[in-house]
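Here is a short briefing on one protein structure. Please look over the sequence and the model first.

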Amino acid sequence: MPEIYRGAIDKGLEGVVACTTKISSIIDVTLTYRGYIIEDLAENSSFEEVIYLLWNDRLPNAKEVAALHAELAAEMQLSGELLEILKKLPVKNVHPMAWLRTASSALALWDKEAQDNSDDANKRKGVRLTAKMGGLVAAFERIRTGKPFVTPNPAKSLAWNFLYLLSGNEPDPEYVKVFDTCLILHADHELNCSAFAARVTTSSLSDVYSAVVSAIGALKGPLHGGANEQVMKMLLEIGTVPKAKEWVENALANKQKIMGFGHRVYKNGDPRAKILRKLSEKLNKKNNTAHWYEMSALIDDTVQKDKELLPNVDFYSATVYYAMKIPIDLFTPIFAVSRISGWMAHIFEQYSNNRIYRPRGEYTGQLNKKWTPLSER
């Protein structure tokens with residue numbers, strides 16, 4: 001048996017390099033996708049451009065982004081057969097991410113290329129999954145509220161269509177722009193838990209759908225994808241700006257965990273949080289709900305001053321989504337609507353240079369135990 005390299009042992013694999021990747025990088029406070037800093041992409045790109053970038057290692061020209069938009073538009077509609085199945089799935093007292101996990105898996109049953117692992121087939125499946133993920137989340141909301149399904153508009157973007165499919169009304173153009181920026185900010189984040197889960201499943205040469213379902217299962221966990229939901233619940237519990245100062249000071253004094261702060265990798269601040277803080281301020285002022293932003297800013301400034309802890313992407317995304325009247329329990333599924341683009345990039349990259357993941361575990365249990373008959377135990 002080969003000796004286990006104990007120098008690599010670290011709880012949670014913190015700091016352990018598991019693979020090489022060209023998709024995204026985190027260096028101090030700088031997040032890049034394929035070498036482009038997130039601030040530039042959020043300010044200047046569309047989500048569709050970022051999808052192309054993540055999958056192809058370069059920004060598209062006008063013709064290429066139009067072609068990708070056409071491919072995505074052609075795959076947005078959920079089939080009648082699938083919708084009939086989705087309507088039969090339980091929605092009462094069901095976690096939306098559990099429902100999304102099952103619905104995403106069901107897509108494979110209607111995909112004739114589901115078991116075809118050729119590069120071309122996998123790219124087509126990537127388009128289908130990315131195009132349909134928003135529709136699945138919207139379908140969950142429409143089903144549980146007893147509302148009819150809405151047909152997507154192929155002339156519009158993924159961001160526009162998600163907001164439209166969710167509400168049934170044409171969305172505010174400013175909401176569309178903000179939501180498109182949110183999709184860009186959440187698209188990828190190096191070797192995060194769900195991306196790693198997708199790569200591990202892919203490394204066995206399983207199919208794309210299995211890898212995506214693995215990723216959704218990882219994202220479902222509150223330590224990965226659910227923090228923004230908890231942030232909004234925290235703010236609703238506090239209620240008002242005057243109460244926020246006392247609440248956060250008591251929380252800090254009692255060493256109570258404040259959701260949306262700190263990050264395993266970012267030690268000097270999450271660049272996405274700075275962008276989202278501005279978006280939260282803008283949207284909540286527009287909606288005459290500035291108190292949600294003011295509460296968040298007060299908590300943020302207090303925690304930074306007293307504990308030198310900085311907010312992560314989840315902290316301000318909560319009030320951004322809430323300002324757009326998105327149900328709180330859909331905040332994490334929205335994460336999947338964006339992150340599917342990054343998951344697919346990791347899946348493609350893993351297939352292209354594959355070796356099955358098989359780490360070792362250092363055994364710390366007892367040895368040399370002796371079996372005894374059942375009658376003697």
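The notes below cover the sheet, a helix, the core, one arginine and the salt bridges.

This is a predicted model: local features need pLDDT of at least 70, side-chain atom pairs count only at pLDDT 80 or more, and totals for chains, interfaces and linings use all residues. Residues are numbered from 1 along each chain as its sequence is written, and side-chain values use heavy atoms, with hydrogens and water left out.

**The sheet**

- Three strands form an open sheet in the order β1-β2-β3, with antiparallel pairing. Strands are DSSP runs of E, at least two residues long, and helices are runs of H or I, at least four residues long, numbered from the N terminus. Two strands pair if DSSP finds at least two bridges between them.
- The edge strands are β1 (24-27) and β3 (36-37), and each pairs on one side only.
- β1 pairs with β2 (residues 30-33) over 4 bridges, in the antiparallel sense. S25 has T32 in β2 as its bridge partner.
- The hairpin of β1 and β2 has 2 residues between the strands. D28 sits in this turn with a positive phi of about 55 degrees.
- β2 and β3 pair in the antiparallel sense over 2 bridges. Y33 has Y36 in β3 as its bridge partner.
- The hairpin of β2 and β3 also has 2 residues between its strands. R34 in that turn has a positive phi of about 50 degrees.
- In a regular strand the side chains alternate between the two faces of the sheet. In β1, S24 and I26 make up the covered face. S25 and I27 make up the uncovered one.

**Helix α2**

- Helix α2 (residues 47-56) is largely enclosed by the rest of the structure, because 8 of its 10 residues are buried. Buried means under 20% relative accessible area, exposed means over 50%, and partly exposed lies in between (1.4 Å probe, protein chains only).
- The buried residues of α2 are F47, E48, V50, I51, Y52, L53, L54 and W55.
- D57 follows α2 and has a positive phi, near 65 degrees.

**The largest nonpolar core**

- The largest nonpolar core has 113 residues. Such a core is a set of buried Ala, Val, Leu, Ile, Met, Phe, Trp, Tyr and Cys residues joined through side-chain atoms within 4.5 Å.
- L86, F179, V212, I258, I299 and I326 touch the most other members. Helix α16 gives the most to this core, with 12 residues.
- Leaving aside neighbours within four places in sequence, I299 is in contact (heavy atoms within 4.5 Å) with M234, L235, I238, V248, I258, F261 and F315.

**R339, a buried arginine**

- R339 lies in helix α16 (residues 331-352).
- R339 is buried yet has no salt bridge. A salt bridge is a side-chain nitrogen of Lys or Arg within 4 Å of a carboxyl oxygen of Asp or Glu.
- The nearest side chain of opposite charge is D188, 5.0 Å away. Lys and Arg count as positive and Asp and Glu as negative, while His and the chain ends are not counted.
- A polar atom of the R339 side chain lies 3.3 Å from the backbone oxygen of A187.
- Leaving aside neighbours within four places in sequence, R339 is in contact with residues including H186, A187, D188, H224 and R272.

**Salt bridges**

- The structure holds 20 salt bridges. Side chains of opposite charge can pair when their charged atoms come close.
- E64 and R58 form a salt bridge (2.6 Å, N to O). R58 counts as partly exposed, at 38% relative accessibility.
- E141 and R144 form a salt bridge (2.6 Å, N to O). Both lie in helix α6 (residues 119-144), 3 residues apart, about one turn of the helix.
- E141 counts as buried, at 11% relative accessibility. R144 counts as partly exposed, at 29%.
- E174 and K282 form a salt bridge, with their closest N and O atoms 3.7 Å apart. This pair links distant parts of the chain, 108 residues apart: E174 is in helix α8 (residues 173-185) and K282 in helix α13 (residues 271-286).
- E174 is partly exposed at 22% relative accessibility. K282 is partly exposed at 47%.
- A network of salt bridges links E75, D111, E113, R124, R128 and K132.

How values were computed: Polar contact = N/O pair within 3.5 Å; in protein donor to acceptor, adjacent residues only side chain to side chain.
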